[in-house]
Protein chains: 2
Amino acid sequence: MRRLSRAIHLPAASAKLLARGTTPTTTTTLFARGNSSGLPPQTAERYAIARGKFQVLSQQHLDHFRRLLPSSGSVLTAEEDGLDGYNVDWLKTVRGQSRVVLKPSTTEEVSAILRYCSEHSLAVCPQGGNTGLVGGSVPVFDEIVLSMSRMDKIISVDEISGTLVCEAGCILERISDHLAEKGLRMPLDLGAKGSCQLGGNISTNAGGLRLLRYGSLHGSILGAEFVMADGTVIDVLSEMRKDNTGYDLKQLIVGSEGTLGVVTKLSFACPPKPASEAVALLACDSFEDVLCLFREARQGLAEILSAFEFYDAASAGVAREHLGLSSPLLRDDGTESPFYVLVETGGSNARHDEEKVHAFLERMLSTGRVQNGTMATEPSKIKALWATRERITEALLHDGYVYKYDVSLPLRDLYGAVEATRERLAGHPGVTRVVGFGHVGDGNLHLNITSPQYEEAIADLLEPWLWEQVAAARGSISAEHGVGFKKRDVLGYSKSPEALSLMRQLKDTMDPKGILNPYKTVP
Amino acid sequence: MRRLSRAIHLPAASAKLLARGTTPTTTTTLFARGNSSGLPPQTAERYAIARGKFQVLSQQHLDHFRRLLPSSGSVLTAEEDGLDGYNVDWLKTVRGQSRVVLKPSTTEEVSAILRYCSEHSLAVCPQGGNTGLVGGSVPVFDEIVLSMSRMDKIISVDEISGTLVCEAGCILERISDHLAEKGLRMPLDLGAKGSCQLGGNISTNAGGLRLLRYGSLHGSILGAEFVMADGTVIDVLSEMRKDNTGYDLKQLIVGSEGTLGVVTKLSFACPPKPASEAVALLACDSFEDVLCLFREARQGLAEILSAFEFYDAASAGVAREHLGLSSPLLRDDGTESPFYVLVETGGSNARHDEEKVHAFLERMLSTGRVQNGTMATEPSKIKALWATRERITEALLHDGYVYKYDVSLPLRDLYGAVEATRERLAGHPGVTRVVGFGHVGDGNLHLNITSPQYEEAIADLLEPWLWEQVAAARGSISAEHGVGFKKRDVLGYSKSPEALSLMRQLKDTMDPKGILNPYKTVP
């Protein structure tokens, strides 16, 4: 019996699948290996949680679903098909026991399914690419899995206004490639882009690598069509950038993790694709220097700044130790710098961009805020400079067990949280290392602690202590990963009782029987 | 008895106050003239609408409010103070009969007021700078006016992250000036900035002049504190760019026009202030050329593009005729070009920006898409190039009566709506002119028709025909002005019955007694 929302254990088997940050490139690969012994224990057994008063799936229900979805492969059952890929999350940390997966092809089918489930009190777990990291996309008990993977049509792209309209099951990478051919860019980029779906991205309010430049999905989304728990279709699929005709209903769906409705179609405002890109890797002596650099980058690089990431010496160390990635900026004595900063730019004129980046670097070197630096504009060299930053998570898994935290903090407190954690764990023999890295531009820290194996004593030192630190700084206990199943019961560290009560009221209003993604998001 | 949501009549007296577009620079000036004969008829008399079953303000209520708000000038009553400035909208088109204005100084006072009003079934009209154009900010009957003007403190500005936290009564211009001193920019700019308040901007989801560059307020807002109808304070005043801890409650408040809660504090993400600005005015032969220019500007100017506006020959003509503003781009024979485009850029490097703009202009001239053009980088010359675009609304008032429409349309249909209107009104002797101008970058058309005086026959030709055209194109019948009192009953042209029903459910959940800004927004 493990506590809810304890740090996530990343099995070493997942390591090779980790591409960028903590998110997967493919989901299929994971389950294609078919190693059932590698499956996590059932969530219902592992956590002290009671099943809701929903009906149990019967043959009669199944027959009805087969009538609703007559096309082949639309109704998968445990008897005929292995459902592990739909019941287990990508991290292999939670496992549901769903006996049926429904794959509708149209909004009407989604509506018919939900209407029936509502009438018969059947719980439903909507699922996109199943790449979430908080257990939000798989069933907890025997909820019916509503997979959106068949609703993957691109409806339209308006090249003049930069408007995309598509179905919710579209995979992010396919959309990004399609837009690139038209000179446009998806305002969202994620390591999981090869499998994650736009409906899931919206439902989890995915952050990702371009948030600093293009802002959150709340600003990029133009419209949505979604189906409420009772089957009612809400069509607010506007393609307009300005639309002040009443409450902005689509905003309710962004980040509500499938608990208020199931997204079926979406429209987005897409910016032009930059013609040139550049990356600079810089070495700094202190986090104060990192923050100074960020302020200068906001001024000097301004409109072309597209990412501002950092990692500390311990992060660089673990990547070197386990993956053999050495920094191009090692000191003369071969040691790591205390901090590395990765600055990415994207603009419409390569010469202008390079001039800006060069001027910025020269200014920073002359002020002594940067000890060393290197820059690349060719794609292969850009990739090389990203390598350590991208593979820290993967490297950490080789230490054994990883206590993972994804928090937002005011910039002035961002690295202090890492230092305070080191101090708190100082002298504890089980701790291998404490590393800090993340998105400075978004105030998003990834704090990771490793030990050879899971130790309750370390976990007890970290929680609730860390949540309390984040709460005291008015930070967020979940910056970009969401709440899902795993963080539901610690939401109170970032939300007041009044706010949680209003969340509950909204849930009860939009899903009075609570059939949509139960046990998730709302405490 | 006039129909609801009929085009707005702009009295000529307001003309001199119109600065940029259709929004005022000051509200105070309007009422300081104290010309009570210039007041519009009472809304309750003019429109067939029934007063809600709210209590009527009594001496006992007043005594209670005076105890709640003991500081001088916090409780204004009709007996002691002229309340016209709070009862009449800026356009002087609607007039309420409130007998009391409450001016709280703290969130606790707002909460105490609303708790009392809720317990005693007293209706409340929250009011910011009272610069709205749809009758949303003034009472319809005798609602208590809750003026936020005393809650005008700037709480903090984080220069590194670009985060502003302030009270809702802060005036936009003051905030913009304060941020400019710190090298930051408010992501919102409006003609009404001298009087409008940030709480009102958020409540109406104000669009304005920088939306093309910085996106909608749904993306720029980081957090909010608001008070629900029963006095409950919802504190989601996050300063974090990433915060995925449950439903994004603040988004409910954006654009809900004070009907779901009263905003008391806000936080915003503010971009760096551009170091250089440039404006180009271009003459085009067709709207197809205008759209081609826009596509090229999105590619070639890309990250420095900050506005892309257009106006037609008829718009230029009315500004020349009534205000003596002649175009710097008249043809050799002295006639107007069919279309003018105003492109504004803002970047971090003046030389780079100018090179981009020059290259863009040369390319456009060589393709024949632009017939003529001029460019400015000095503030005074930039202002001169904006002059006609900014003063079209003011010029139109000199024709007599203006039938005003603010709609969003797909770009391909944007100007077609103007041409179709001309065709529909062709030969009608009462029509002086039909003009089209607006924000191409946002798909936002301002369509205006003038006649010497109001004619029911013209109005009948325009409505509901125009709403039907907008609905058929899946446009928006209110792009940036909102719903308020005037457009409540035509919302069905842009929202489905299911969406309207969900709006009503949300309203009933968050304000079960309906005391917050009744008769507005929700049909």
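Is B:Cys292 buried or exposed? With a relative accessibility of 9%, B:Cys292 counts as buried, where buried means under 20% relative accessible area, exposed over 50%, and partly exposed in between (1.4 Å probe, protein chains only).

A word on the ground rules: this is a predicted model, where local features need pLDDT of at least 70, side-chain atom pairs count only at pLDDT 80 or more, and totals for chains, interfaces and linings use all residues. Residues are numbered from 1 along each chain as its sequence is written, chains are lettered from A and ligands numbered from 1 in the order in which they are written, and side-chain values use heavy atoms, leaving out hydrogens and water.

Now the cysteines. A disulfide here is a pair of cysteine sulfur atoms within 2.5 Å, and the count over all chains is 0.

| Cysteine | Nearest cysteine sulfur | Distance |
|---|---|---|
| B:Cys125 | B:Cys117 | 12 Å |
| B:Cys292 | B:Cys284 | 8.7 Å |

For B:Cys292, that gap is too far for a bond. B:Cys125 is buried too, at 0% relative accessibility.

Over in chain A, A:Leu385 sits in helix α14, residues 379–397 (helices are DSSP runs of H or I, at least four residues, numbered from the N terminus). A:Leu385 is buried, at 11% relative accessible area. Leaving aside residues up to four places away in sequence, A:Leu385 touches several others, among them A:Val279, A:Pro328 and A:Met375; contact means heavy atoms within 4.5 Å. A:Ser327 is 58 residues from A:Leu385 in sequence, with 8.7 Å between their C-alpha atoms.

Key:
Helix = DSSP H or I, 4+ residues; strand = E, 2+ residues; numbered from the N terminus.
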